[in-house]
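Student: I have a new model open and want to learn how to read its features. Can we go through them one by one?

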Amino acid sequence: MAQAHDPTTGTASRNDPPPHEKPQDPGERPRSRRPRFLTHLAADVPASLVVFLVALPLSLGIAAASGAPIMAGLIAAAVGGIIAGSLGGSPLQVSGPAAGLTVIVAGLVQEFGWQVTCAITAAAGVVQLLLGISRVGRAALAVSPVVVKAMLAGIGITIMLQQIHVLLGSRPAGSALENLTGLPAAIINLELHAALLGLAVVAILLGWKHLPAAVRRVPGPLAAVVAGTALSVAFAPAVERISFNGSILDAVALPQLPDGNWRAIAFAVLSMALIASIESLLSAVAVDKMHNGARTNLNRELMGQGAANIVSGSLGGLPVTGVIVRSATNVEAGAATRASAVLHGVWVLAFSALFAGLIQLIPLAVLAGLLVVIGARLIKVADIRTSRRTGDLLIYTVTLLCVVFLNLLEGVLIGLALAAASVLWRVLRASVQAYPPVPPSGLWRITITGSCSFFALPRLNRVLHSVPDGKDVVVELNADYLDHAFREAVVAWRKQYQATGGTVALEEHGNTLFQDAAHQVPKRQEAHELPLPPRTSWQSAGETGEDPQSRRSILGGINKYHRRFADKVRPLVQDLAEGQNPDTLFVACVDSRVNPNLLTSSGPGDLLTLRNIGNVVCHDGQDASIDSALSFAVKGLAVDSIVICGHSNCGAMKALIEDAAGNGNKALGAGFDAWLNHARPSYLELLADHPVAVAAADAGYSRVDQLGMVNVAVQLSKLETHPVVGPALARGAVETTGLFYDIATARVLLVTTSGIEFLDPAQAAARAGAAGSAKAPTG
């Protein structure tokens, strides 16, 4: 759906249709459809004028900093607005000459001359066009943000070092190092009028945000340049100013092919294309976060930028990129469509053709002051803090210094290489630690976490062989990646260590299983959130030398709890130390395979649990234990839910069926047989074709599981007549729920007094599909 401009926010609303899409009354005559850009001109025209006023001084300043003809900046601004605005994939991004390319353009102008630089710009546009056609737009975003931020900061420092010389009335040198070492001499020999004008511009730009909102409607850069120019005309008429011959049409210069050195030319073309593409795409992504309209088509944006650079280079303009300063201004000014960017280019072209004489009144020191502030704003303290917090400060610092003191491309490449090396180190690094015994356990503990590959073998062997011979050792493996070489090293060490009389138990807690590395290609597995695997899966008699069913097995589990989970559980239970406030009474069977907290994704303090054989409740006065639990839950803790949960292959249900067949349960004693009286009504309901039994049979469940589900429904019915629970149900203070846990599929079903329902959507869909196939006519 097309976007409409929201006059209250100054942004496009995705929910309101534009006027030409609003519904008509049935009796109304059809209205002619206007082009979409005409619909939003009321928003786009004012926004385009604001962007034009910001772009004009910036374009002039960037041209001056690049060592290019002044009009080259205006040509790039006009072309970027009209061509990239029309053809690009970002609806609200504004393109033009960018500070990010001043360093590389200045170097190319110095080495090859201006017209050859124009040819390089046009060729870089062709490369961008091909990249867009090849649909690699998103791949261009695979650049570490810290490298991009450091690149921009390095560009800012380079611009500042260069333009401070212009502000002081001297000539900048060719490199940042020369500009830095030449600063003392420039300060000593400063030209007072130029320095005062430049500092006045800096002061205006820094203080602009503190002025009243009505004043700030005028863009700060425009106000600073106008004020600085007016001061120069009144008090410093002899200061050096911008100079050129003719209008923007006279400044059009055809590119020129170089005489030789094609390798350097090709390198320059690729450098410009890649840097311009990355800056444009990152700017487009940033602009997308500023509005709620359509997102950027990154491949189309690359093609639009390429077309703009082909035209700009062919006409004698600077390289074009998406510019975040102008784009942000465009969004904040209320632009609704790409027409705003296009119109801003038209205004630049018209002004340059009609009022070129005014441009020549601007002093170079005024533009230098503007560029010093622009350069300073490229250095963001927040980026430095972020890189320090995330461990990327070294990457940021090295990239910045290389951009400043080597060159832009080498700095970025070095930064990317360092970022890649950092990622490899973090991803491939495995932490291997050995901990001596802590009484009373007597166990040596070795923890292995991370990516367990052959890269970690030196540290693995050093740590493993630091454990004294003949000890009891537990190896805790928490791997997200494990290859055959690493597994082989651990297996070989365990075999050798056990030969010395020691014991080695292996506990696995990660995503990748140890045995998988023996017979399949290593790969990263999905994260396992399940915290409670059966103890027999990580503790076996062969590893511990003990019967896993003995008391030692429980103590081993407690030891593992203290080592791995106690510190993580403590924050969860600190608020529960003085009392509990569960919301549910969960009645479940004593069966060891049923874990109420696991089934309900609940933790400490959530469930009050009542467990007995057959998950039964009783009528009042039949069992004091059950009565007291129900009373405590409803009256004492005011739970709002009671759950009855049965399960598949239940031993109590089997016993009922065996007893009805005359086989009895004498081996379990008279007490067990008496307890079954609480569940015998369920068997009678099964024989009477209870609706739940019919539904379970239709779903393909066995006779035992049918009885288990009927038993849940019968227990729910008992609660309705219980003297404690019944009144609470009647007044809506408590609700009851029946569940059935199918152990074989690890899925939970909903049981009501009249049927069953599959709670897992995938299982429900599969059952529905099977039922549909069964009912389909054959033929």
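Student: How many bridges join strand 9 to strand 10, and do the two run parallel or antiparallel?

Tutor: Start with the general idea. Strands of a sheet pair through backbone hydrogen bonds, either parallel or antiparallel. Now the case here, in a predicted model. Strand 9 (residues 584–589) and strand 10 run parallel, joined by 6 bridges. In strand 10, Leu608 stands opposite Leu585.

Student: What is the strand order of the sheet that holds them?

Tutor: The order is 10-9-11-12-13-14. That makes an open sheet of 6 strands with mixed pairing.

Student: Which strands stand at its edges?

Tutor: Strand 10 (607–612) and strand 14 (756–758). Each has a single partner strand, so one side of each lacks a neighbour in the sheet. On average, neighbouring strands of this sheet are turned by 25° against each other, direction ignored.

Student: Which strands does helix 32 lie across?

Tutor: Helix 32 (residues 703–721) lies across strand 11 (641–647), strand 12 (735–742), strand 13 (747–751) and strand 14. Its direction is at about 165° to strand 12.

Student: Let's read the sheet with the order 5-6-7-8. How many strands does it have, and what is the pairing?

Tutor: This open sheet has 4 strands, and the pairing is mixed. Strand 5 (430–435) and strand 8 (503–508) are at the edges. Each pairs with a single strand, so one side of each has no neighbour in the sheet. From one strand to the next, the twist averages 15°.

Student: Where is a parallel pair in this sheet?

Tutor: Look at strand 6 (residues 443–452) and strand 7 (residues 472–482). They run parallel, with 10 bridges between them. Ile448 has Leu477 of strand 7 as its bridge partner. Helix 22 (residues 484–499) lies across strand 6, strand 7 and strand 8. Helix 22 runs at about 150° to strand 8.

Student: On to helix packing. At what angle do helix 3 and helix 13 cross?

Tutor: Two packed helices are described by the angle between their axes and the distance between the axes. For helix 3 (residues 70–87) and helix 13 (residues 298–315), the angle is roughly 150° and the axes come within 8 Å. The crossing is right-handed. Residues in contact include Ala76, Val79 and Ile83 of helix 3, and Gly304, Ala308 and Val311 of helix 13. By class, the contact has 10 nonpolar, 4 polar and 1 charged residues.

Student: Last, the second largest pocket. What is its volume?

Tutor: Rolling a probe the size of a water molecule over the atoms shows where empty space is left. Here the second largest pocket has a volume of about 1600 Å³.

Student: How many residues line it, and which lie nearest its centre?

Tutor: The lining has 46 residues, with Ile324, Val325, Ala328, Arg377 and Lys380 nearest the centre. Helix 14 supplies the largest share, 6 residues. Helices that each supply at least two include helix 2 (41–66), helix 12 (262–288) and helix 17 (364–377). By class, this lining has 30 nonpolar, 5 polar and 11 charged residues.

Terms used. Residues are numbered from 1 along each chain as its sequence is written. This is a predicted model: local features need pLDDT of at least 70, side-chain atom pairs count only at pLDDT 80 or more; totals for chains, interfaces and linings use all residues. Side-chain values use heavy atoms; hydrogens and water are left out. Axes are lines fitted to C-alpha atoms, for helices over the stretch in contact, and angles run from 0 to 180 degrees between N-to-C directions. A crossing is left-handed if the near helix is turned anticlockwise from the far one by less than a right angle, and right-handed if clockwise. Contact means heavy atoms within 4.5 Å. Ala, Val, Leu, Ile, Met, Phe, Trp, Tyr, Cys and Pro count as nonpolar, Asp, Glu, Lys and Arg as charged, and the others, Gly among them, as polar. Two strands pair if DSSP finds at least two bridges between them. On a 1 Å grid over the protein atoms alone, a cavity is a set of points where a 1.4 Å probe fits but cannot get out, and a pocket is an open set with protein on both sides within 12 Å along at least five of seven lines; lining residues have an atom within 4 Å of a point. Grid points are joined across faces, edges and corners, and a volume is the space filled by probe spheres set on the points.
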